[in-house]
Amino acid sequence: MKLGTIGTSWITESFIEASKDSKLLTLAAVYSRNEDSAQAFAKKHEASTYFTNIEEMAKSTKIEVVYIASPNSLHYEQTIMFLKNKKHVICEKPIFSTTKELEHAYQVAEENGVFLFEAIRNYHSPNFTVLKDNLHKIGQIRSANLHYLQYSSRYDSFLRGENPNVFSPEFSGGALVDLGVYPLYVAIGLFGQPTSVDYAPVKLRNGIDGSGNLVLNYKDFICSIQCSKISQSYIQSEITGEVGTFVLDKPSPISKITLINNKTHETTSLEVSQVKNDMLYEIQNITKIIQDHLVEDYKRLKEMSSIVLTITETARKQSGIVFGAEKN
């Protein structure tokens with residue numbers, strides 16, 4: 001399929017490289033508001049066309065699917081534009097700011113006979129599948145602690161008084177929606193939807209969450225998710241059960257999975273080898289759904305995105321974190 005991309009950051013470059021490795025998507029066009037940037041990006045990645053007018057790109061017959069990696073607050077408007085022009089959309093996480101946006105976007109996709117996906121690399125990875133397939137081996141689950149704390153390169157700018165997009169409520173930023181969604185996808189993929197959630201954020205001067213602790217309440221256990229863009233952690237994640245414990249190096253990418261027996265203390269390594277650019281796996285799964293029209297697989301991904309966004313929206317509302325998109 002012919003691919004178009006929106007955004008010129010490292011994440012877009014990673015997606016383009018993974019798409020080339022997949023041999024399933026062919027980069028046909030790129031977009032940037034700045035002509036020099038668009039032209040340079042197209043030349044660097046060997047795209048035959050570049051656009052500086054996003055509406056013109058959406059109408060173009062040169063692309064069939066678009067990957068959107070613009071600031072979070074722009075995802076919804078841009079996605080709707082491409083869906084209405086009958087383009088499949090792969091939107092970088094977090095897919096949208098609100099569940100209302102998500103519900104409407106899925107409706108527009110259905111009306112136009114195209115698919116809408118959230119790009120979330122760890123959920124599609126082989127090691128997530130390994131973890132899910134072996135979850136029964138630890139018996140009754142009693143707790144889960146999943147961590148993603150990574151000091152942002154943009155935090156220094158914030159401390160200098162600037163307002164980078166990832167720390168801006170107007171651009172739908174913050175730790176939970178930016179990093180917390182990775183362990184959240186792991187939790188929902190393994191355990192399903194929780195009965196309730198509680199979020200305790202560390203708020204910055206503009207009211208956005210620089211870090212936080214999200215608790216997912218299940219019938220017989222709780223899952224604690226820690227996320228941060230203002231500090232760094234080196235501890236591993238764990239899922240504990242009555243029979244054993246899984247130790248993960250981190251929720252994304254999951255590179256090491258160790259199973260420890262509670263009684264014998266025997267350890268077993270379960271991880272499989274993965275490619276370095278694990279965006280490859282989401283591209284493979286998404287393109288297969290589109291090409292083979294795998295409706296049930298698509299429904300499962302839609303449900304995952306809906307549950308995750310509902311949780312982050314609920315958590316933000318509990319904490320008084322309001323995005324610009326919610327003020328309109």
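## Salt bridges

The side chains of Glu162 and Arg160 meet in a salt bridge, with N and O 3.7 Å apart; the term denotes a side-chain nitrogen of Lys or Arg within 4 Å of a carboxyl oxygen of Asp or Glu. Glu162 is partly exposed at 37% relative accessibility, whereas Arg160 is exposed at 57%. Here buried means under 20% relative accessible area, exposed over 50%, and partly exposed in between (1.4 Å probe, protein chains only).

The structure is a predicted model, in which local features need pLDDT of at least 70, side-chain atom pairs count only at pLDDT 80 or more, and totals for chains, interfaces and linings use all residues. Residues are numbered from 1 along each chain as its sequence is written, and side-chain values use heavy atoms, with hydrogens and water left out.

## Further bridges

In total, the structure holds 12 salt bridges. One of them joins Lys288 to Asp292, the closest N and O atoms being 3.0 Å apart. These two residues are four apart in helix 9 (residues 279-292), a separation of about one helical turn. Lys288, at 45% relative accessible area, is partly exposed, and Asp292, at 41%, is partly exposed. Helices (H or I, at least four residues) and strands (E, at least two) are DSSP runs, numbered from the N terminus.

Glu326 and Arg316 also form a salt bridge between their side chains (2.9 Å, N to O). Arg316 belongs to helix 10 (295-319) and Glu326 to the segment after helix 10, so the pair ties together parts that are 10 residues apart in sequence. Glu326 is partly exposed at 28%, while Arg316 is buried at 2%.

Strand 5 (residues 88-92) is largely enclosed by the rest of the structure, because five of its five residues are buried. In a regular strand, side chains alternate between the two faces of the sheet. His88, Ile90 and Glu92 point one way from strand 5, and Val89 and Cys91 point the other way.

Strand 5 runs parallel to strand 4 (residues 65-68), with four bridges joining them; two strands pair if DSSP finds at least two bridges between them. Val65 has His88 as its bridge partner in strand 5. From strand 4 the chain crosses through helix 4 (residues 75-84) to strand 5 in a right-handed β-α-β crossover. Right-handed means that, with the strands pointing away from the viewer, the path from the first strand over the helix to the second runs clockwise.

Strand 5 also pairs with strand 6 (residues 116-119) in the parallel sense, over four bridges. Glu92 has Ala119 as its bridge partner in strand 6. Together with helix 5 (residues 99-111), strand 5 and strand 6 make a right-handed β-α-β unit.
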